[in-house]
Amino acid sequence: VNDMSRATEAMRQGAFDYIVKPLDPARFALTIRNAQHVSRLQSVHARTKWRTLSEIGLHDLIGHADGLSDLVTTARKIAATDVPVLIGGETGTGKEVFAHAIHNDSPRSGSAFVAINCAAIPENLVESILFGHEKGAFTGATDKTPGKFREAEGGTIFLDEIGDMPLSAQTRLLRVLQQHEIQPVGAAHPVPIHVRVIAATNKNLEV
């Protein structure tokens with residue numbers, strides 16, 4: 001367009017984007033890629049919006065986006081095991097939906113799925129919230145708390161935005177994955193757990 005008022009009106013009526021004349025080939029290509037991406041996300045939403053997350057399985061995701069069928073094939077193999085899973089992708093691309101689908105297609109489907117946003121936990125409370133604490137373990141700990149891992153016992157815990165978890169807590173998490181036990185804050189002995197861990201991040205953790 002060469003009239004910004006017309007562009008504004010088009011956006012108001014539902015246009016995805018507008019391109020200013022003279023045409024910039026790079027800008028045009030970016031707009032096309034973004035439109036295709038949004039279209040794929042809308043397709044996923046349209047086909048799954050009538051289902052709750054507890055009902056969505058991997059078969060519901062096949063064919064909804066380019067290349068997703070290969071990921072689903074891999075996820076089916078993973079779902080049958082207890083190996084930890086890390087899901088990468090930009091914010092809003094459905095990482096939690098994919099995690100639910102893996103859980104629902106796994107032998108743990110009848111047990112709890114506990115989701116927690118690591119970026120939303122205050123740093124000084126991360127270990128208490130994830131692993132629990134004993135009564136009197138710190139100021140304000142008036143009751144014993146089991147923590148999210150024990151809430152997910154027998155099922156799956158989904159750690160969203162794992163890249164935002166403090167390094168000290170990541171070290172504790174490594175022990176959980178290796179030893180299959182947690183150490184509640186203030187507890188004298190570790191507690192064994194039987195939990196599947198699925199984590200997600202929008203960051204490149206290899207950098």
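1. Basis. Because the model is predicted, local features are taken only where pLDDT is at least 70 and side-chain atom pairs only at pLDDT 80 or more, while totals for chains, interfaces and linings use all residues. Residues are numbered from 1 along each chain as its sequence is written, and side-chain values use heavy atoms, with hydrogens and water left out.

2. Overall fold. The protein chain holds 7 helices and 6 strands, where helices (H or I, at least four residues) and strands (E, at least two) are DSSP runs numbered from the N terminus. Read from the N terminus, the order of elements is α-α-α-β-α-β-α-α-β-α-β-β-β. Of its 207 residues, 32% count as buried, with buried meaning under 20% relative accessible area, exposed over 50% and partly exposed in between (1.4 Å probe, protein chains only). Among contacts (heavy atoms within 4.5 Å) with a separation of 6 or more, 64% join residues 24 or more positions apart.

3. Helix 4. This helix, residues 95–104, includes His100, which counts as buried because its relative accessibility is 10%. His100 and Glu55 are 45 residues apart in sequence, yet their C-alpha atoms are 8.6 Å apart in space. Helix 4 is largely enclosed by the rest of the structure, because 8 of its 10 residues are buried; these are Lys95, Phe98, Ala99, His100, Ala101, Ile102, His103 and Asn104. The cover over them includes helix 3 (68–79), strand 1 (85–88), strand 2 (113–117), strand 3 (156–160) and strand 6 (196–201).

4. Helix 7. With 13 residues (167–179), helix 7 reaches 18 Å from its first C-alpha to its last, close to the expected 18 Å, the expected span being 1.5 Å times one less than the number of residues. Its buried residues include Ala169, Leu173 and Val176. They lie on the same side of helix 7, because they cover an arc of only 50° around the axis, the arc being that of the directions from the helix axis to the C-beta atoms. The face turned away from that buried side carries the exposed residues Leu167, Thr171 and Gln178. Helix 5 (126–131), helix 6 (148–151), strand 3 and strand 4 (181–182) are among the elements covering the buried residues, and the helix is followed by His180, whose phi is positive, near 55°.

5. Nonpolar cores. A nonpolar core is here a set of buried Ala, Val, Leu, Ile, Met, Phe, Trp, Tyr and Cys residues joined through side-chain atoms within 4.5 Å. In the largest, which has 21 residues, Leu130, Phe149, Leu159 and Met165 touch the most other members. Strand 2, helix 5, strand 3, helix 7 and strand 6 each give two or more residues to this core. Apart from it lies another core, of 17 residues, among them Ala75, Ala79, Ala99 and Ala200.

6. Second largest pocket. This pocket holds about 280 Å³ of space, and the residues lining it include Pro84, Ile162, Gly163, Leu173, Val197 and Leu205. Strand 1, helix 7 and strand 6 each give two or more residues to the lining, and the largest share, 4 residues, comes from helix 7. A pocket is an open set of points on a 1 Å grid over the protein atoms alone, where a 1.4 Å probe fits, with protein on both sides within 12 Å along at least five of seven lines; lining residues have an atom within 4 Å of a point.

Key:
Grid points are joined across faces, edges and corners, and a volume is the space filled by probe spheres set on the points.
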